[in-house]
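Here are my comments on the model you sent.

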Amino acid sequence: MDAPHDRRGWFRGDSDCTPMSFPRRAYRLVLLGPPGVGKGTQAQLLCRHLGMCHLATGDLFRSAQCQANPSPALRAAREHMRRGELVPDDLVIAMVRERHACLRCDGGFLLDGFPRTVPQAEACDELLTELGVTLDGVISYELPVEQIVDRLSGRRVCSRCQATYHMSVRPPRVEMQCDRCSGELCQREDDRPEVIRNRMRAYAASTEPLIAYYRERGILISITADDTPEAILEQTLHLLHEQAARPARVAAVPKARA
Ligand code: AMP
């Protein structure tokens, strides 16, 4: 199913997300997974099938590169990203809060790369509660470390539309050129080996605890991402529909107050 996928509000940060009516069920999801697990590919497939908007904080920070006048916050975030460090929680949370209209959109959303730490997850719960929005599920893709390193070294991304390729597993039809929009493919600066090692360490330390966090809330969907993109998508949709059909889904739980 195709949807407007209008992410201008997400990139500009002006909360310009026009609410519209969608003749379908809208999903509100979080995507988890270490770098290189195939999360970006699944995000594209899921958004195409379910019609929600793909809201990736990584895309947001990378977009600073193409903006004539990125805000100081966006520029600072990008400097952290370039070094392979996580952007500080306060900065990320403030930037997502600025874009709250994207979370209220009737078409639903797929949050990718946020939350990435427990404090971000708590802030996300608070924000969603304020907005009266409930998460339908948190999809966690998992894979052994050796397979991840192999995948990352061959990854290339379209500089124009962000479509992802792999030089051996999923190569473009024309070398270094995007099949979809003919944009030039490049290696992300955060896919350089020394940066990858930093990102893996950051994921283990900061993001893995989120798996337990969302499991406790009854909304975690764990998937071993060791198959073709299409097979993983099918499994994801199956588990998602199962989860959505459960009568008593647990909403995002606000942070316990002392
Ligand atoms: P990604 O495209 O999700 O792999 O993100 C690329 C980089 O952007 C990460 O390595 C971080 O430096 C930064 N980043 C993206 N999202 C977040 C977040 N929620 N918290 C902290 N840093 C983030």
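This is a predicted model: local features need pLDDT of at least 70, side-chain atom pairs count only at pLDDT 80 or more; totals for chains, interfaces and linings use all residues.

1. A nitrogen atom of the ligand sits 2.7 Å from a polar backbone atom of Gly113. In Arg116, a polar side-chain atom is 3.0 Å from an oxygen atom of the ligand. In Gln120, an N or O atom of the side chain is 2.9 Å from a nitrogen atom of the ligand. The ligand taken alone exposes 480 Å², and the protein buries 94% of that.

2. The shell around the ligand holds 16 residues, and the closest are Thr57, Arg62, Glu85, Gly113 and Arg199. By class, six residues of the shell are nonpolar, four are polar and six are charged. Which helix gives the most to this shell? Helix 3, residues 57-62, does, with four residues.

3. As for the protein overall, the model has 11 helices and eight strands. There are 258 residues, of which 51% count as buried. Among contacts with a separation of 6 or more, 72% are between residues 24 or more positions apart. The protein exposes about 12700 Å², and carbon and sulfur atoms supply 51% of that area.

4. Val87 deserves a look. This residue lies in the loop between helix 4 (72-82) and helix 5 (89-98). Is Val87 buried or exposed? Val87 counts as buried because its relative accessibility is 9%, and the cut-off for buried is under 20%. Leaving aside neighbours within four places in sequence, Val87 is in contact with Phe61, Ala77, His80, Val92 and Gln120. One of these, Gln120, also has the side-chain atom 2.9 Å from a ligand nitrogen described in point 1.

5. Gly107 is another loop residue, placed between helix 6 (101-104) and strand 3 (109-112). With a relative accessible area of 2%, Gly107 is buried.

6. Most residues other than glycine have a negative phi, and most peptide bonds are trans. The bond joining Phe114 and Pro115 is cis, with omega about -5°. Pro115 is in the loop between strand 3 and helix 7 (118-131).

7. The other two backbone features are positive phi values in residues other than glycine. Phi is near 70° for Gln162 and near 65° for Ser182. Gln162 lies in the loop between strand 5 (155-158) and strand 6 (164-166), while Ser182 is in the loop between strand 6 and strand 7 (185-186). Both count as partly exposed: Gln162 has a relative accessible area of 26%, and Ser182 has 46% relative accessibility.

8. Last, the aromatic residues. How many aromatic pairs does a search of the whole structure find? The search finds one. The pair is Tyr213 and Tyr214, whose ring centres are 5.0 Å apart; their planes meet at 85°, so the arrangement is edge-to-face. Tyr213 and Tyr214 are both buried.

Terms used: Residues are numbered from 1 along each chain as its sequence is written. Side-chain values use heavy atoms; hydrogens and water are left out. Buried means under 20% relative accessible area, exposed over 50%, partly exposed in between (1.4 Å probe, protein chains only). Contact means heavy atoms within 4.5 Å. Accessible areas come from the Shrake-Rupley method with a 1.4 Å probe; for residues, only the protein chains shown count as cover. A residue is near a molecule or strand if one of its heavy atoms lies within 4 Å of it. A polar contact is a pair of N or O atoms within 3.5 Å; within protein, one must be able to donate a hydrogen and the other to accept it, and residues adjacent in sequence count only if both atoms are side-chain atoms. Ala, Val, Leu, Ile, Met, Phe, Trp, Tyr, Cys and Pro count as nonpolar, Asp, Glu, Lys and Arg as charged, and the others, Gly among them, as polar. Rings of Phe, Tyr and Trp (its six-membered ring) pair if their centres lie within 6.5 Å; planes under 30 degrees apart count as stacked, over 60 as edge-to-face and the rest as tilted.
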